[in-house]
Amino acid sequence: MTTQSEGAKKESSTRHPRARSGSAAWHMSREAVSISVPDIVKATDRQCLDVLVQVRFGSWDTVSCPHCGTVSKHYWRPLEKRWKCAGCGSTFSVTSGTIFARRKKSYQYILSSVLMWVNSAAGQSALELKRHMDTTYNTAFTLQHKIREALVRGYNVGLMNGDVEMDGAHQSGWRADEKRGKPQGSRPVQSDADPFALTEIMLTQTGKNAARKKAKNSGPINPEFGNRFPKDRRILFAIRKRSGVRGKGACATRVAIGLTETSPVVKAVLNDFVAMPESYLNTDSSPAYTELGKEFRMHRTVEHAKELSGPNGENNNQAEELNARFDRAEKGIYLNIEPKYMLDYAVETSFRSDTRRLPNGEQLKLAMCVALNVGESEFWKGFTHGHHRKIELLHPHPQPAHASGPMKGRHPISSANGRPPR
Ligand SMILES: [Zn+2]
């Protein structure tokens with residue numbers, strides 16, 4: 001034991017101060033990349049179809065008709081690339097009844113777009129995909145959002161049990177309204193101005209003080225201090241199941257959005273995602289978890305003001321990891337995430353985190369499997385024709401949300417739409 005630790009000490013003194021981590025070793029490995037965009041571009045229609053059929057139906061022999069549900073081999077019409085159902089006689093393609101229904105793009109286009117989306121580990125802006133695929137902004141934007149929708153409806157569902165961590169993180173609602181779509185951070189140069197008058201100049205210059213004050217005082221009540229949150233403030237709840245293997249982190253994740261971190265909201269989230277009587281709960285010392293913790297086999301808490309991990313290893317670091325990942329996606333890629341679609345982005349983050357150590361071909365198959373098995377798009381069908389989602393998916397209840405995108409007939413990239421796209 002002593003020789004080992006001495007050896008480690010010796011090694012650490014000569015080693016580079018930033019040694020390669022486990023995830024760096026993974027990403028540098030040959031196994032991390034099992035498919036590339038050139039692979040898909042070179043593939044024939046039939047090869048792409050084989051992948052999609054396998055991902056959606058399992059095999060060519062177990063094809064399920066989206067019209068009547070009959071599982072059979074059906075009659076394949078190679079020229080149309082459609083089946084004729086052996087049960088009801090309707091015809092359908094591999095994308096009928098999925099989020100890609102009525103697609104105009106080729107299989108290669110869909111697969112390579114989704115692969116590029118998967119490959120962008122922190123997230124991908126619609127403008128980036130637009131450039132990669134040389135398509136319109138709307139096509140790229142709705143494609144990405146349809147994948148997120150599929151994950152919301154097909155991936156972020158079901159109960160978890162075991163050793164579960166939960167944490168709420170404050171998101172949004174911080175000066176976003178004031179900054180959106182306007183030039184930032186300047187005031188007139190006044191060399192002989194009274195330095196004490198600067199604050200006054202600054203406030204009148206922004207001219208937004210009253211609006212900011214109003215926005216600050218129109219949100220839900222902060223349970224901790226009794227003041228009001230800004231109206232766009234949301235809490236992102238991350239619930240993660242520990243893998244139980246040292247160094248492997250979490251193995252499953254659910255996310256939810258609420259207006260406050262209070263016990264009724266936490267209860268609704270836990271009811272949806274955790275089998276409480278057979279699980280262990282790990283949280284920070286927020287009072288929202290105190291009563292609900294009693295419904296678990298055990299409730300361990302860590303006091304974050306004092307320590308990252310308690311004396312017996314109490315921590316919720318896996319949940320914190322997801323929050324950090326979400327922050328990175330927002331700060332680095334999405335810049336300010338609208339509350340209405342916050343859940344969509346959070347689920348994307350949780351998918352990326354859960355699949356972080358899978359080869360990218362497996363990530364692609366998993367994303368496509370969910371995308372082809374949740375039915376047609378409910379949120380994004382007809383988006384470019386002015387049909388926008390009317391609700392924000394919140395716990396405990398969804399709430400009405402206005403369409404926030406450009407109205408039908410307006411150019412989506414026009415700066416008159418409030419802000420330029422990313
Ligand atoms: Zn049928």
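A salt bridge is a side-chain nitrogen of Lys or Arg within 4 Å of a carboxyl oxygen of Asp or Glu. This is a predicted model, in which local features need pLDDT of at least 70 and side-chain atom pairs count only at pLDDT 80 or more, while totals for chains, interfaces and linings use all residues. Residues are numbered from 1 along each chain as its sequence is written, and side-chain values use heavy atoms, with hydrogens and water left out.

The structure holds 20 salt bridges, including those in the table.

| Pair | N to O distance |
|---|---|
| Arg-242 and Asp-163 | 3.1 Å |
| Arg-153 and Glu-378 | 3.6 Å |
| Lys-231 and Asp-232 | 3.9 Å |

Salt bridges that share partners also join Asp-163, Glu-165, Arg-242 and Arg-300 into one network. In the pair of Arg-242 and Asp-163, Arg-242 belongs to strand β7 (residues 234-242) and Asp-163 to strand β6 (residues 160-171), so this contact ties together parts that are 79 residues apart in sequence. Strands here are DSSP runs of E with at least two residues, numbered from the N terminus.

The zinc ion is coordinated at 2.3 Å by the SG atoms of Cys-65, Cys-68, Cys-85 and Cys-88, where donors are N, O and S atoms within 2.8 Å of the metal (3.2 Å for Na, K and Ca). The angles among the 4 donor atoms run from 105 to 117°, and the site is tetrahedral, a term for four donors with all angles between 85 and 135 degrees. Cys-65 is buried at 2% relative accessible area, whereas Cys-68 is partly exposed at 39% (buried means under 20%, exposed over 50%, partly exposed in between, with a 1.4 Å probe and protein chains only).

Methods:
Tetrahedral: all angles 85-135°; square planar, octahedral: opposite > 155°, others 65-115°. Helix = DSSP H or I, 4+ residues; strand = E, 2+ residues; numbered from the N terminus.
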